[in-house]
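Have the viewer open as you read.

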Amino acid sequence: MLLHIEKGSSTPISRQIRDQIREQCLSGVLKPGEKLPSVRELARELAVNVNTVFRVYERLASERLVELRHGDGTYVLPPTDGDEAGLTEQRSRFESEFDQLVHRGLLLGIPPADLKARLNRVLRSAGKAAK
């Protein structure tokens with residue numbers, strides 16, 4: 001599972017983790033039935049407190065995106081109709097935020113070629129090839 005944490009961000013780390021796992025569940029990157037890393041594994045990988053990851057998993061379980069199986073692990077649940085609406089809403093919000101970010105970069109004098117180069121660099125680091 002690929003997660004990216006920005007430690008200096010104004011967004012709490014737990015929310016960053018929760019939003020990324022939620023998006024991966026809703027988009028199908030994480031498949032129904034797939035086992036998530038244990039709380040300790042993910043906490044170690046992200047260099048965060050185990051309680052942070054445990055609270056994230058509990059929250060995702062309350063949203064019916066994952067199932068906590070005592071002594072076995074945490075598993076991705078199949079999406080529901082409400083999840084599809086949530087994914088559509090999140091994509092729409094992302095697109096709006098992305099547009100605003102690009103406009104802000106242009107207003108700050110960042111050339112379009114530099115914005116494209118930055119986007120390609122981020123996509124490469126995320127393991128996705130830009131087309």
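This is a predicted model: local features need pLDDT of at least 70, side-chain atom pairs count only at pLDDT 80 or more; totals for chains, interfaces and linings use all residues.

## Fold, helix packing and pockets

Going along the sequence, the elements come in the order α-α-α-β-β-α-α. If you box up the C-alpha atoms along the principal axes, you get roughly 55 × 35 × 25 Å.

**How the helices cross**

Two packed helices are described by the angle between their axes and the distance between the axes.

| Helix pair | Axes come within | Crossing angle | Handedness |
|---|---|---|---|
| α1 and α3 | 9 Å | roughly 45° | right-handed |
| α1 and α4 | 9 Å | roughly 120° | left-handed |
| α2 and α3 | 8 Å | roughly 125° | right-handed |

Start with α1 and α3, whose axes cross at roughly 45°. That angle makes α1 oblique to α3. Now turn to α1 and α4, with a crossing of roughly 120°. That makes α1 oblique to α4, and the crossing is left-handed.

Why do α2 and α3 count as oblique to each other? Their axes cross at roughly 125°. Angles of 65 to 115 degrees count as roughly perpendicular and those over 145 as roughly antiparallel, so α2 and α3 fall under oblique. In this pair, α2 passes α3 in a right-handed crossing.

**The largest pocket**

Next, the pockets. The largest pocket has a volume of about 2,500 Å³, and 42 residues line it. If you want to find its middle in the viewer, select Gln20, Glu23, Phe94, Phe98 and Val122, which are the lining residues nearest the centre.

Which helix gives the most to this lining? It's α4, with 14 residues. Three helices, α1 (13-27), α4 (81-107) and α5 (112-125), each put at least two residues into the lining of the largest pocket. The lining also takes at least three residues from each of domain 1 (13-76) and domain 2 (81-129).

Which elements supply at least two residues each to the lining of the second largest pocket? Helices α2 (39-46) and α3 (50-62) do, along with strands β1 (66-69) and β2 (73-76). Sorted by class, the lining of the second largest pocket has six nonpolar, five polar and four charged residues.

**Putting it together**

To tie the two parts together, go back to the helix pairs. α1 and α4, whose axes come within 9 Å, are both among the helices lining the largest pocket. Likewise, α2 and α3, with axes that come within 8 Å, both contribute to the lining of the second largest pocket.

Methods. Residues are numbered from 1 along each chain as its sequence is written. Side-chain values use heavy atoms; hydrogens and water are left out. On a 1 Å grid over the protein atoms alone, a cavity is a set of points where a 1.4 Å probe fits but cannot get out, and a pocket is an open set with protein on both sides within 12 Å along at least five of seven lines; lining residues have an atom within 4 Å of a point. Grid points are joined across faces, edges and corners, and a volume is the space filled by probe spheres set on the points. Helices (H or I, at least four residues) and strands (E, at least two) are DSSP runs, numbered from the N terminus. Domain bounds come from an automatic or database domain assignment. Ala, Val, Leu, Ile, Met, Phe, Trp, Tyr, Cys and Pro count as nonpolar, Asp, Glu, Lys and Arg as charged, and the others, Gly among them, as polar. Axes are lines fitted to C-alpha atoms, for helices over the stretch in contact, and angles run from 0 to 180 degrees between N-to-C directions. Angles under 35 degrees count as roughly parallel, over 145 as roughly antiparallel, 65 to 115 as roughly perpendicular and the rest as oblique. A crossing is left-handed if the near helix is turned anticlockwise from the far one by less than a right angle, and right-handed if clockwise.
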